[in-house]
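Let us take a walk through a protein structure together. Keep the picture open as you read, and look up each residue as it is named.

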Amino acid sequence: MPIEDRPARAARPDEPTHLVTLWPAGVQLRVRDDETIVDALRRQGLRTRYKCRRGGCGACRATIVTGELCYPTAVCQDVVDGAAVTPGREDSAKCLPCRAVPRSDVHLLLDPTDDVIDMFGTVLPRSAGPTPAEGAAHGPHEGSSPCPS
Amino acid sequence: VSVMRLGYVHIKVTDLAEARDHYTNTMGMTAIEESDGMVYLKSWDEGDHHSVVLQEGGVGLVKLGYKVTDEHALDAIENRATAFGARVERMSKGDNVSVGDGVRITLPSDHTLELYSEIEYVGTETGLLNPDPWPRGGLRGIGVPRLDHTLITTEDPALLERFFQDVLDFRAAERLVAGAEDSDLVGSWMFCGEQPHDIAFVKGANGKLHHFAYHMPDWSALLHAGDVMSMRDVPIDFGPARHGITRGETIYFFDPSGNRNEVFSGGYRTGKDWRTITWTMDQAARGINYTHREIDAKFLEVVT
């Protein structure tokens, strides 16, 4: 999509959004259902690690703790899953935040080498909610799928 | 030297329509043929039927095609590749749209390499009679004139370098070495004609594509390409910057599936009497990005 067609505005108060929480920092952000998580981060002056922003490289890969995501564009499942699976966490669902759009409130665990960067010094709201482990224990069905057309 | 150049790059894309839009409207290539979920594209200054093939489903490299001078060269390459111990088979006219008989080799790095001498000649957009310097109808987007080279990854760069030397008569323009005695080959930039490189490889996973590159006339064309990328929200990897290795100028960026592309200009002229340049690991970042002398770890990790 050319940039002029991209939703670059802030969410209106009456607009549906989902709350996305990024662990371990616990950073929370409101994500519209017409933007990806990385687009929402960028819109709010934040960054996480990403590279191609097109779902091809896996640099942004994160673990879904709770919640549901979908992909408005086709993604390669091998890239979503990644080559290396953490022993004992074979069933942990992965996602690509550069292409994923939330369909519910979502808790994501970033890669241990990833972090949320506050590019412009905005004060980041912190979640008072459960830790990722607690969230996983009580969370609803986790997963991601293509967006319904 | 019987191998002339990188003829085609055949890649997988997650969404054919998005990829087609990128390669035609952003890069400025022309779709010559579309059939069976594939798009065959060429650049305006290329005469052969296609130089990029898009295939829907997944991401990454399907195969590379290098064009050789004639059928006898194919026989020689087949014999040498077999003697080397590579898996070799004959491919027939029609296996690839518009491409004639050839030899298909599975490289020691698990990449598929096709050698061919015949491909349908479509012609450049400026023709062969009193041509204009560029198409009168103008260029779309970046308006790349032609494909240039590719960089792939391999677990064993030394083995792949020996293959390209012994079987295909390539020579190393530049080499990146590591280890206590600078004896471990990390990367090699190899040519078959007089370019700085027609193929390059660095240590990494077998079978993967790091990028393929288009040739651009000069630095200012690169900056114009950068403007087009921003207008069309193409994710940039790095650049515009100068390479130490090859002395070329570059912007790396990603197609809509996350396959890495490059626009490349400049560089020097090589040839049969070229003496190989060596880069050591302490200067590797300068070799790759001479301007910034630093590279993001993901630059070498991210492949498709």
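Two rings of Phe, Tyr or Trp count as an aromatic pair if their centres lie within 6.5 Å. In this predicted model, 12 such pairs are found over all chains.

Start with B:Tyr8 and B:Tyr116. Their ring centres are 5.1 Å apart and their planes meet at 25°. Planes under 30 degrees apart count as stacked, so this pair is a stacked one. Now trace where the two partners sit along the chain. B:Tyr8 belongs to strand 1 (residues 3–13) of chain B, while B:Tyr116 belongs to strand 8 (residues 112–116) of chain B.

Next, find B:Phe238 and B:Tyr252. How are their planes arranged? The angle between them is 65°, with 5.0 Å from centre to centre, and the pair is edge-to-face. B:Phe238 lies in strand 14 (residues 236–242) of chain B and B:Tyr252 in strand 15 (residues 248–254) of chain B, 14 residues apart. Are these two residues buried or exposed? The cut-off for buried is under 20% relative accessible area. B:Phe238 has 12%, so it is buried, and B:Tyr252 is buried too, at 4% relative accessibility.

Rings can also be linked into a group. In chain B, ring pairs join B:Tyr66, B:Phe84, B:Phe163, B:Phe164, B:Phe170 and B:Phe201 into a cluster.

Now move over to chain A and look for an aromatic residue in another setting. A:Phe120 sits in the loop between strand 9 (117–118) and helix 3 (132–138) of chain A. Exposed means over 50% relative accessible area, and A:Phe120 has 65%, so it counts as exposed. Together with A:Ile117 and A:Met119, A:Phe120 makes a nonpolar surface patch of about 340 Å².

Our last stop is a sheet. Strands of a sheet pair through backbone hydrogen bonds, either parallel or antiparallel. In chain A, three strands form an open sheet in the order 7-5-10, with mixed pairing. Strand 7 (101–102) and strand 10 (143–146) of chain A stand at the edges; each has a single partner strand, so one side of each has no neighbour in the sheet. Strand 5 (residues 68–71) of chain A pairs with strand 10 of chain A in the parallel sense, over four bridges.

Notes: Residues numbered from 1 in each chain as written. Chains lettered and ligands numbered in written order. Predicted model: local features only at pLDDT ≥ 70, side-chain atom pairs only at ≥ 80, totals over all residues. Heavy atoms only, no water. Patch = residues over 30% accessible without salt bridge, like charges linked within 9 Å, V, L, I, M, F, W, Y side chains within 5 Å. Areas by Shrake-Rupley, 256 points an atom, 1.4 Å probe, with all protein chains shown as cover. Salt bridge = Lys/Arg side-chain N within 4 Å of Asp/Glu carboxyl O. Helix = DSSP H or I, 4+ residues; strand = E, 2+ residues; numbered from the N terminus. Buried < 20%, exposed > 50% of the residue type's maximum accessible area, 1.4 Å probe, protein only. Phe/Tyr/Trp six-rings, centres within 6.5 Å; stacked < 30°, edge-to-face > 60°. Pairing = 2+ DSSP bridges.
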